[in-house]
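Morning, everyone. I have one structure to walk through today. Please take a look at the screen.

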Amino acid sequence: MTTTTYLVIAVVALFFLVIFQISKAAEYVSVLKGEEQSRKQTNKVNAFLMLGFMILGLFGVWYCNHLLYHKTLLPLESASVQGERVDSMLWVTIMITGSVFIITQILLFWFAFRYQEKENRKVFFFPHSNKLEVLWTVVPAITLTILIIIGLRNWFYFTGDAPDNAMKIEITGRQFGWIFRYPGKDKTFGKKYYKLIDDADNSLGLIWKDNAAMNLKDDPATHDDIITESTVYVVKNKPVKLIIGSRDVIHDVGIAQFRLKMDAVPGIPTTMWFTPKFTTKEMQEKTGNPNFQYEISCDQMCGNGHYSMRGVIEVVTQEEYDMWMIKQKPKYFAAFPDKDPANKKDSTVTATAVTPK
Amino acid sequence: MSNEAVLHTPSSYAVHDDHAHDHHHHETFITKYVFSQDHKMISKQFLITGMVWALIGGLLSVLFRLQLGYPDSKFPWLQDLLGKFWVEDGRITAQAYYALVTTHGTVLIFFVLTAGLSGTFANFLIPLQIGARDMASPFMNMLSYWFFFAASCVMFSSLFVETGPFSGGWTAYPPLSALGQASPGSKTGMDLWLISMALFVVSTLLGGLNYVATVLNMRTKGMSMTRLPLTIWALFFTAVLGILTFPVLFSGFILLIFDRNFGTSFYLSDLYVNGTVLPNEGGSAILYQHLFWFLAHPEVYIVMLPAMGMVSEILSINSRKPIFGYIAMVGSLFAITCLSLLVWAHHMFVTGLNPFLGSIFVLFTLLIAVPSAIKVFNWLTTLWRGNIRFTPAMMFAIGFVSLFISGGLTGIWLGNSALDIHLHDTYFNIAHFHLVMGVASFFGMFAGVYHWYPKMYGRQLNNTLAYIHFWVTMIGAYLIFWPMHYEGLAGMPRRYYDYSIWESFKQFAELNRFISTVVIIVFATQFLFLFNFFYSIFKGRKATNPNPWGANTLEWTTPIHPGHGNWPGEIPEVHRWAYDYGKDDREFIPQTEPVGANESHH
């Protein structure tokens, strides 16, 4: 430990000592001066502080908003069609809860100040009033009903079926990163089985050869599946349906700019769909941040590397997407280079190819 | 006159020798202070153990806030202090960070705000306020504390194992918590965590059964259920909730123990962890979450209700005015208790839960806002046209209401699944539950300690220290948690060790530093309370008035130092409810006073 550390400890200790001494002295003074009188004085001070706290507090709420509002997602419109609904609902909720907050906090501290102990105040013996009770049962109930209706309409929209033209992408979480799979030309995801997972060449456990021991048959639909890691490409204005899974522990696909998230649970696939509104480039301009990326954050505690489990969604135009897709090679060819037409121009690769040894 | 003499000169109230009571059985140090069967001593044991845990839990949060607030700074002195497992190269390690977060959550929720709060006040207040000599089963009550103590020892020992304490979050979701391969904290640390929690469940059940039996069977003559003070109602419902839900948590833990040690697959399926394929197939990781939240949601009410009860009592006493809407207050406690059993899956909206099922949980969750609103408005009306004395307990009670409003309103956001899908597991959530159940319940607990301290120890706390403690904690709580809503509105996920690689979340580095600094100040301020508490046990001013706050309830009819058995003579009879303050021009009318012939009726 350095001398500064000792110095800091000494100063803090001294500070505490002073507080104790003052507090002790205050007790002696109050006893000598007459306890009732000093109690009444303290009462006035605290009543005043209550009012002060309320005024400074409300100012603080405004100031905090002033400092931090532009750092949140709220000033920019949502980057997904679904997120717009989240935002509009958020604003209704802010308006309602915000006004309740301000009214009740003002009443609380104002009553505390206004009805502080006074010599000749006669308290109002007011044990109950059915009218008031009914009032503040019914009004919150009605307000909440409105919020529930808005909420559930959105909820069923978000969790409902994705449109038929939605692009399907499978996303799989692992400690600590994301694996993406496109179904390829046949638009079908080939079957997979977790016991075939091998980080060397089959990170998802695709069934692309017969396996007698596990009684599995080669699924030709796997042969054109395209697998990428950490970055996924999607098309602006085209709905995307994510089929979410996990290889190990529970993760969560969170995309803050789209206002959505969904858990990745091993053994139980989940889904989430959204329609991106702006390309990554457009967002870089809108935010004024040249490094802007749509980031996939893992939002469910998944181990010591949880905080670094980052994925990127590149939202691009249809042309850019097609250009990118054309360059992707099915993972099957990486595992079986002899099946790759680029390597063996003369042989035709068919789905019923014999199992490679 | 010496200083001590100034403080201890008897005032107009004569100081009796209050130790006199009718049954003088011989008590040794062991039976009086260690294996005591006196509910008052057991409550103090719960309180002090809870305070030790609060100190540890708070210290853990200071350590992980150091990492969040000063991610680039190095703390070589911390390394000297804690060793290489926790701090490497001057920086808190990721593993240590997650261990800190997990242990902070576990001990504060279970050991401090469950055992420390309802363990203390249920034990202390139930016999004293209903007019009983002790709990229904003093022996079970003693066991309840010692099971808690054993749980504490096991949890504490987990901080020292080689692979570290459990580090998968206080919710302990499998597969992370089930598989040692997935995280070093899920090895021995998790075994100890489960043993500790199992012991804790036993402790809670022993305590809870006792509280319910005592309230139902041992009320004094005249103390009908509708004359019970609201504290007792709240503690009663708390105990009922605990009895109904802790066994479910226990069953969840048992299955987890089986999955960890005996090769079953209740929660495990399709796993490839750390380069190995696991044989488990067919389990459901989500099953655990249902079992866990079936307790853990009511748990937040187990934490809240005692605070609500004590706050109702303290607000009424110090406004010198009856609590407004007694029956509505009891009714809303009952409604909260029932509804709290039907909302657990609102923690699981984004697990892939059936959306229709989710919508039912939205409905029940938002319904809870109705009884909560009733309580807030009734508290406000209690203050209205009162004659308020700002005792330290009253300050914390008012602070509780303020925090409960602030944190409760954001529950309306998170309970609505379509907003939760955006805000789930972000800092918004952290701000919400820390305000509404963390800090607010702490305020309830502080209010209780300040209010009943003279009854507990026969001495008074220092008021100046108490007021400083209140104001710094109150301001600090808002400074820490209010800005976190904004981090949440930026989508910033919780439980991240470092945000610097994230383009979307790194803009809050400065704010995080500010929050961490406030955390350190608020934590340091709690030492004022601790000092005040322990110093006053021995050196505080002696209480001279057996009823220092002018309260109606029965505990203030006991001698200043009640013996084991509470009342030296007959147990007093009760003739009225507990809230006749300011009635018929009388400041207060104790429950023991018969209703006069000319008394007005309400």
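Let me start with a question: is A:C302 buried or exposed? A:C302 is buried, at 0% relative accessibility. By buried I mean under 20% relative accessible area; exposed is over 50%, and partly exposed is in between, with a 1.4 Å probe and protein chains only.

Some ground rules before I go on. This is a predicted model, where local features need pLDDT of at least 70, side-chain atom pairs count only at pLDDT 80 or more, and totals for chains, interfaces and linings use all residues. Residues are numbered from 1 along each chain as its sequence is written, chains are lettered from A and ligands numbered from 1 in the order in which they are written, and side-chain values use heavy atoms, with hydrogens and water left out.

Back to the cysteines. A disulfide is a covalent bond between the sulfur atoms of two cysteines. The working rule here is a pair of cysteine sulfur atoms within 2.5 Å. How many disulfides does that give over all chains? The count is 0. A:C302 is in no disulfide, and its nearest cysteine sulfur, that of A:C298, sits 3.8 Å away. Another cysteine, A:C64, is buried too, with a relative accessible area of 10%.

Now chain A as a whole. Its secondary structure comes to 7 helices and 10 strands. Those are DSSP runs, numbered from the N terminus: helices are H or I with at least four residues, strands are E with at least two. The radius of gyration of chain A is 32 Å, well over the 21 Å that the globule rule gives for 357 residues, so chain A is more spread out than a compact globule. That radius is taken over C-alpha atoms, and the rule is 2.2 Å times the number of residues to the power 0.38. Along the principal axes, the C-alpha atoms of chain A fill a box of roughly 105 × 65 × 45 Å.

Of the 357 residues in chain A, 48% are buried. Next, contacts, meaning heavy atoms within 4.5 Å. Take those in chain A between residues at least 6 apart in sequence: 66% join residues at least 24 apart. The accessible surface of chain A is about 17,800 Å², and 63% of that belongs to carbon and sulfur atoms. Areas come from the Shrake-Rupley method with a 1.4 Å probe; for residues, only the protein chains shown count as cover.

Charges in chain A: 40 positive and 36 negative, with mean positions 6 Å apart. Lys and Arg count as positive, Asp and Glu as negative; His and the chain ends are not counted. Each charge is placed at NZ of Lys, CZ of Arg, CG of Asp or CD of Glu.

On to chain B. It has 18 helices and 8 strands. How does the radius of gyration of chain B sit against the globule rule? It is 25 Å, close to the 25 Å that the rule gives for 602 residues, so chain B is as compact as a globular protein of that length. The C-alpha box for chain B is roughly 80 × 60 × 45 Å along the principal axes. Buried residues make up 67% of its 602 residues. For contacts between residues at least 6 apart in chain B, 78% join residues at least 24 apart. Chain B exposes about 18,800 Å², with 67% supplied by carbon and sulfur atoms. Its side chains include 30 positive and 33 negative, and the centres of the two sets lie 6 Å apart.

B:S118 is in helix α5, residues 94-130. B:S118 is buried, at 9% relative accessibility. B:P247 lies in helix α8, residues 230-261. B:P247 is partly exposed, at 35%. Beyond its neighbours within four places, B:P247 is in contact with B:L205 and B:G242.

Last, backbone geometry. A cis peptide bond joins A:Q175 and A:F176, with omega about -5 degrees. A:F176 is in the loop between β1 (167-174) and β2 (177-182). Another cis bond joins B:P174 and B:P175, omega about 5 degrees. A:R259 is not a glycine, yet has a positive phi of about 65 degrees. A:R259 is buried, at 1%.
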